[in-house]
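I opened this notebook to record what surrounds a ligand and where it is placed. My entries follow the structure.

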Amino acid sequence: MQDLEHFIRGLPKAELHLHIEGSLEPELMFALGQRNKVDIPFKTVEEVRAAYAFSNLQDFLDIYYQGANVLQTEQDFQALANDYFKRLHADGGVHAEIFFDPETHTDRGLPFSVAIEGLLQGMRDAEAEYGITSKLIMCFLRHLDEESSFRTLKAAEPYLDRIAGVGLDSSEKGHPPSKFARVFKAAKSHGLKRVAHAGEEGPPEYVYEALDVLHVDRIDHGNRALEDAALTQRLVREEMTLTVCPLSNLKLCVIHDLKDHPMKRMLDLGMKATCNSDDPAYFGGYVGDNYLRTAEALGLSRAEIVQLAKNSFTGSFLDAAAISKHVMAVDAFAAVNQL
Ligand code: HPA
Ligand code: ZN
């Protein structure tokens, strides 16, 4: 029998829920802050890490938006992506569909092109260096108004061939998916995929709205869907992929102990759950750690761990041939590594 950590880090996997701004490690934050002469309200890396004690989503978001201020140039965004893909590669990641928040940057005066050009370069670097493929998902900040989301979609027009889809993130409570019905409809008419954070802190009704009003292809998080049996059954029936983020849930107090995490329940129910890191620099672990700590806390079997990896490909926006190639690679790995 191989050791669990070795098995998990070797298992081919995709990451489907990753905010690239949330992969900004304190070391890079300091380096960019210094280079760009942007003040950081902390003196040391240790002080930054100590500040990452959150009691809810908003607590985290306040610090996360502040951290993003150090990102000023295309090279900064490229460096951010380079660091992330290096970590993903070390964790057995072979594909990622990464979120970015354009309004976080355009609202502080950066042109839309700066963030996206830097990220696209980082994505090309990952393919050249590691053979990692990736797609970009542009998220609208739900605490802002619909007009801002339409401005963002307009700014994205020159890049629509390089953007896979749109998403919805930021403060969930009080900002239901229906607030963005029209911009999601416009995104659909451009041929973009659609995802939305729902049921992280918000109620099951927000998951219904994401499905019925935004017509999403995936639900990001989705934990609170389990409070509604009919909704749970529907998600199973429709084979809806959930991009679940266990260490994020722990850090943001969605759960209070990893042993209480619903990941195993989701798998037992037949839900298409995947395991992801969300904002790894803030939540204490990249995708491999999310698999490992969840598997340890819940006693997941190797078959269940393999199922999570398969779900990460079948729930991706890759084409059918690529999905089938990756699923076969998961099976081949599992066969050789003694399930
Ligand atoms: N939830 C909502 N918005 C976010 C998150 C999250 O976990 N991370 C970054 N933006
Ligand atoms: Zn998220």
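I began with D279, where a polar side-chain atom lies 2.7 Å from a nitrogen atom of ligand 1; a polar contact is a pair of N or O atoms within 3.5 Å. Taken alone, ligand 1 exposes 260 Å², and the protein buries 100% of that (Shrake-Rupley method, 1.4 Å probe).

I noted that this is a predicted model, in which local features need pLDDT of at least 70 and side-chain atom pairs pLDDT 80 or more, while totals for chains, interfaces and linings use all residues. Residues are numbered from 1 along each chain, chains are lettered from A and ligands numbered from 1 as written, and side-chain values use heavy atoms, without hydrogens and water.

I looked up two further nitrogen distances. A backbone N or O atom of S170 is 2.8 Å from a nitrogen atom of ligand 1, and a side-chain N or O atom of H19 is 3.3 Å from one.

Which helix gives the largest share of the shell around ligand 1? I found that helix α4 (residues 57-67) does, with four residues; helices are DSSP runs of H or I, at least four residues. The shell (a heavy atom within 4 Å) includes L57, F60, L61 and Y64.

I then located the ligand: the space taken by ligand 1 is the largest cavity. A cavity is a set of points on a 1 Å grid over the protein atoms alone where a 1.4 Å probe fits but cannot get out, and a molecule sits there if more than half of its atoms lie within 2 Å of the grid points.

Conventions:
A polar contact is a pair of N or O atoms within 3.5 Å; within protein, one must be able to donate a hydrogen and the other to accept it, and residues adjacent in sequence count only if both atoms are side-chain atoms. On a 1 Å grid over the protein atoms alone, a cavity is a set of points where a 1.4 Å probe fits but cannot get out, and a pocket is an open set with protein on both sides within 12 Å along at least five of seven lines; lining residues have an atom within 4 Å of a point. Helices (H or I, at least four residues) and strands (E, at least two) are DSSP runs, numbered from the N terminus.
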